[in-house]
Amino acid sequence: MTSGASALPQRDLVDVRLVAAIELGGCAICAVRSRAEASAVEAIVDERIMDIGFRAGLERTYALCRRHVSQIVAAERRTSGILSSSILYEAIIARRLAELREALGSRGRGRRKRLEAAGNRPPCVVCVEGGEAAGVAMTRMVQRSGDAAWAAVIGDIPFCLDDLVALLAEAGDAPSFAPIAERQLGRLDDLARRLDAYAHNSAPERRHLMTDEERGAADEATRVLGGDRPED
């Protein structure tokens, strides 16, 4: 848990949810995204699968990525059977099968182009909702960076690298965010140093010099580079 998060001033639901994500202790943006994606999956299972318009929109306006396809059926199995998932999957497969048959009905360059088009899925509806929630969280962090208590907590959050880059882009040249950026870069400098020290001290004659912080650096780097997904 990030120290002091629960005591932060919280003015609205966005603040409340952001503090809850920070308190999980990992990358808070990953946590916000994960929570939004989980809610989107539940909404699809509980309400949207039986909506003919929603099913028709899949593979046209939106789709489902590989990870979220598997989460749909897993979520439904936890509460009932898999009837709704079966209906949804049939709609998706039928639509893609029609595209494939149309592509295979052509020849030469036209066939290749149609097959390439059939392989380009629209954006995943669940990923889109998760991305929008992450964007809201980043905007709010930048807004709250002018508050000393918030700035101190944000500076300590172990952001994954991708979300840190996106957050710094959102902050732009806001003066209130400069100290946070420096603190975050210092965290990554320290991680790089410990990774290098681990490699250096891995030689048999130096293993006795290795610290616990150096031994844990690779696991920490995995989270920094791969992100935190609390539901996995």
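Visitor: Why is glutamate 205 called exposed?

Guide: Glutamate 205 has a relative accessible area of 53%, and exposed means over 50%, buried under 20%, partly exposed in between (1.4 Å probe, protein chains only). So 53% puts glutamate 205 in the exposed class. Bear in mind that this is a predicted model, where local features need pLDDT of at least 70, side-chain atom pairs count only at pLDDT 80 or more, and totals for chains, interfaces and linings use all residues. Residues are numbered from 1 along each chain as its sequence is written, and side-chain values use heavy atoms, with hydrogens and water left out.

Visitor: What makes glutamate 205 and arginine 206 a salt bridge?

Guide: Their N to O distance is 3.6 Å. Arginine 206 itself is partly exposed, at 25% relative accessibility.

Visitor: Why is arginine 140 called buried?

Guide: Arginine 140 has 13% relative accessibility, so it counts as buried. Aspartate 12, at 31%, is partly exposed.

Visitor: How do you know that aspartate 12 and arginine 140 meet in a salt bridge?

Guide: The N to O distance is 2.8 Å, so the pair qualifies. Aspartate 12 sits in the segment before helix H1 (13–22) and arginine 140 in helix H7 (residues 125–144), so the bridge ties together parts 128 residues apart in sequence. Helices here are DSSP runs (H or I, at least four residues), numbered from the N terminus.

Methods. A salt bridge is a side-chain nitrogen of Lys or Arg within 4 Å of a carboxyl oxygen of Asp or Glu. Helices (H or I, at least four residues) and strands (E, at least two) are DSSP runs, numbered from the N terminus.
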